[in-house]
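Thanks for making time this morning.

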Amino acid sequence: MNAVPLSWYLILSAVLFSLGVAGFLVRRNIITVFMSIELMLNAVNLSFVTFSYQFKQADGHIFTFFVMVVAAAEAAVGLAIILALVRTRRTLEVDEVNLLKF
Amino acid sequence: MPDSFVPSPQEILRILPELVLVLAGTLIMVLTPLWRRQGDGRFGVLSLGALAAALVATVAAHVHRGPAFQQMLEVDGFATFFRLLVIGVGGLTALLSLPYLRREQAEPGEYHALLLFSVAGQSLMAAANELIMIFIGLEISSIASYILAGYLREDRRATEAALKYFLLGSFATAFLLYGVAWIYGMTGSTHLGEIQAALTVAAPPPSELLVAVAAAMMFAGLAFKVSVWPFQVWAPDVYQGAPSPVAGFLSAGPKAAAFAVFLRIFLTAFEPAAERWAAFVWWSALISMTLGNFAALVQSDIKRLLAYSSIAHAGYVLVAVTAHSEAGAAAAMFYLAAYALMNVGAFAVVAHLARKGERYVEVEDFAGLAVTQPGAAALFAIFLLSLIGVPPTAGFFGKFYVFKAALDADLVGLTVLGLLNSAVGAYYYLRILVVMYMREPGEAAASAPAPTSATRVALWICAFGTLLLGVWPSLILGSAERAAAFVR
C-alpha cells in the first residue's frame, strides 16, 4: 500500500510552500499574489495530513479542516477588500497601490 | 479520550467572555437592518454593554479558573490579565468610534460587530494553551481587523491600508502555520505543555535544526502581529490609512494579544530551546527599537509617527521577552498595559483633531492647540510624556521594569542600547509638545470643535490610568508577577 514514502509528501509540501512564497514576492498582480497565499496554506495542509497519517492520529486532519475554514473566510474578506480597491482606483497592480509611503 | 463531548458548566464559564462578545456581535449584525433608521447611538451602547459584560464574565471565569476543553484553554492569571486588557482596549475604541462614525457618516452596526469579533479573537488568544486554538483566535482577531482597517471603503488610503494589512497578514499567517505543522510533525502534539515535554525528554530528541526552523517560522508569524523587525513594514502604512480609532486599537489590542501568545509559546513550549531563540530575539528587539525611533524622527504625519513609535515600543517589550524570566514576562505585561493606555489616548487626541476625512493629521496641525483647547493639549502632553518615559507616568515604570528585568538576566548591552534609544525617542515626542505649546494656533487648532463627551470620557480614562500606574505601579505589577508564574 505504502508505495510512496511519506517524506516525498513533505518535500512536495515544502516545494509548494516555496512556490507560494516566491509567487507572493515576485508577482505583481494582486489576484495572483492572493492565490500564492492560498497555495502556501494548502502546502501546510499537505504537511499536516502527512504527519497525521504518520502518527495515526486524527489531530492533523482536524487542523486541516480548521485551516480550510479560515482560508475560506480569508478569501471572502480578501476578495471584498480587492473589490473595494478596484472600485476606488481601477487597478490590480500591486505597484500602483502606492499612496501611502515614506 | 474524553468520555463526553458535552462541555461542563465550568467549561462554559471559562469561555464565557468570548461567548458574550461573539453573541453580542452576532446580535448587532442581525439588528443592523432593523435599526437602520433609528439613530446610530444604539449600536455603540450595545457594544459597550457587551464589552462591560465580557469584563464581568472574565472576572467570573477567573474565580473558577482552570483548564477547559481538554486543556485547549487555560484560564489562569495570565489569561485573565490579557483578557481584561484587550476587552478594556476594545471598550475605549468603541467609545472613540461613536463620534468618529457619526462624523464620517459610516455604518455603525457592522463596525461595532467587527470590533466585538476582533476583541473576542484576542481574548481567545489570551487564554489559548494549544496551537490550534491560538491559530483560530489569531485569525478571528485578524480577519475582523483587516475589514476595520479599510472600513471607509470609499477612501483610497483606507482601502490601500486594508489591502496591505490583509496581504502581508495572510502571508505571515502561512508562515506561522507552517511552523505549527513542523512542530506537530516533530512532537506529535499541538499542546504547548506536551511540546515542551517532547522537546525536553523525548528520546531521541527532535533535530535541533528543524526545531529552530519551526520556531523561526512561528516567530515570523507572530512578529508580524506585534510589528517588530523583520515584519514591521506594514505598520506605518496601515496606521496612516486606517481610521484613527482603529489605528489606536491595532496598536494596543491585537499587539497585546499577540504578545500574550508570544510569551506563552516561547516561555513554555520553546523554553528548552531558549538559548537558540534568545539570540535572534535580541537582534529583533534592538533593530525594532532603533529602526522605529530613527524613522519616527523624520515623519510629518502624526499617525505615521505613532506607528514608527509603536514599532520601537514593541522592541522594548521584546527586550523583556529576551530576558526569558518570570520578571521579564511580568515587565512585558506591565509595559503592554501601560502602552495600551497611553497610545489609545494619543490616538484619541489625533482622532479628535483630525476632523472629517482625516484632514488634519500633520504634526504641524497641532500648532497652538494649547491655546485653543488647553484641556486636550494637557492630556495629549501626559500621553506623550508617558511615551517618552518621564516619571510619574506609566511609561516610566514600564521602561524601568523592562530594563531591570534585562539587567537581571545579564543583558547589559541590550539595556544600554535600549536606554540610548529611549533618548532618541524623546526627541520626536518633545517636538510635538513644542509645536503644541510654543506656536501660534494654526487653522486646524483654531477651528477644532469641542471634544464630544464620548471622546472626553475615553481621554480621561486613559490619562487617569496612565497617571495611576505612574504613582502606584504595584496596582497591576503584583498581579502581573503572580500571573507570570507559569514560566517554568
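Predicted model: local features only at pLDDT ≥ 70, side-chain atom pairs only at ≥ 80, totals over all residues.

Residues are numbered from 1 along each chain as its sequence is written, chains are lettered from A and ligands numbered from 1 in the order in which they are written, and side-chain values use heavy atoms, with hydrogens and water left out.

Let me begin with chain A, which has three helices and zero strands; helices (H or I, at least four residues) and strands (E, at least two) are DSSP runs, numbered from the N terminus. The C-alpha trace of chain A spans about 55 × 25 × 25 Å along its principal axes. Its radius of gyration, taken over C-alpha atoms, is 17 Å, whereas a compact globule of 102 residues would have a value near 13 Å, the globule rule being 2.2 Å times the number of residues to the power 0.38.

Turning to chain B, how do helices α11 and α14 pack? Helix α11 (residues 244-269) and helix α14 (residues 326-354) of chain B meet at an angle of about 170°, with their axes 7 Å apart, where axes are lines fitted to C-alpha atoms, for helices over the stretch in contact, and angles run from 0 to 180 degrees between N-to-C directions. α11(B) and α14(B) are therefore roughly antiparallel to each other, since that label applies to angles over 145 degrees.

On a 1 Å grid over the protein atoms alone, a cavity is a set of points where a 1.4 Å probe fits but cannot get out, and a pocket is an open set with protein on both sides within 12 Å along at least five of seven lines; lining residues have an atom within 4 Å of a point. Grid points are joined across faces, edges and corners, and a volume is the space filled by probe spheres set on the points.

The largest pocket has a volume of about 850 Å³ and is lined by 28 residues, with L55(B), F81(B), L84(B), L85(B) and I476(B) nearest its centre. α4(B) gives the largest share of that lining, 10 residues, and the lining of the largest pocket comprises 20 nonpolar, seven polar and one charged residues.

There are also five cavities of 30 Å³ or more, and the largest cavity holds about 90 Å³ of space. Its lining has 14 residues, including R157(B), K303(B) and E358(B), and divides into six nonpolar, three polar and five charged.

Finally, the backbone: the peptide bond from W229(B) to P230(B) is cis, with omega near 5°, and another cis bond joins P391(B) and P392(B), with omega about 0°. Q71(B), although not a glycine, has a positive phi of about 65°, and Q71(B) lies in the loop between β1 (66-68) and β2 (73-75) of chain B.

Conventions:
Nonpolar A, V, L, I, M, F, W, Y, C, P; charged D, E, K, R; others polar. Parallel < 35°, antiparallel > 145°, perpendicular 65-115°, else oblique.
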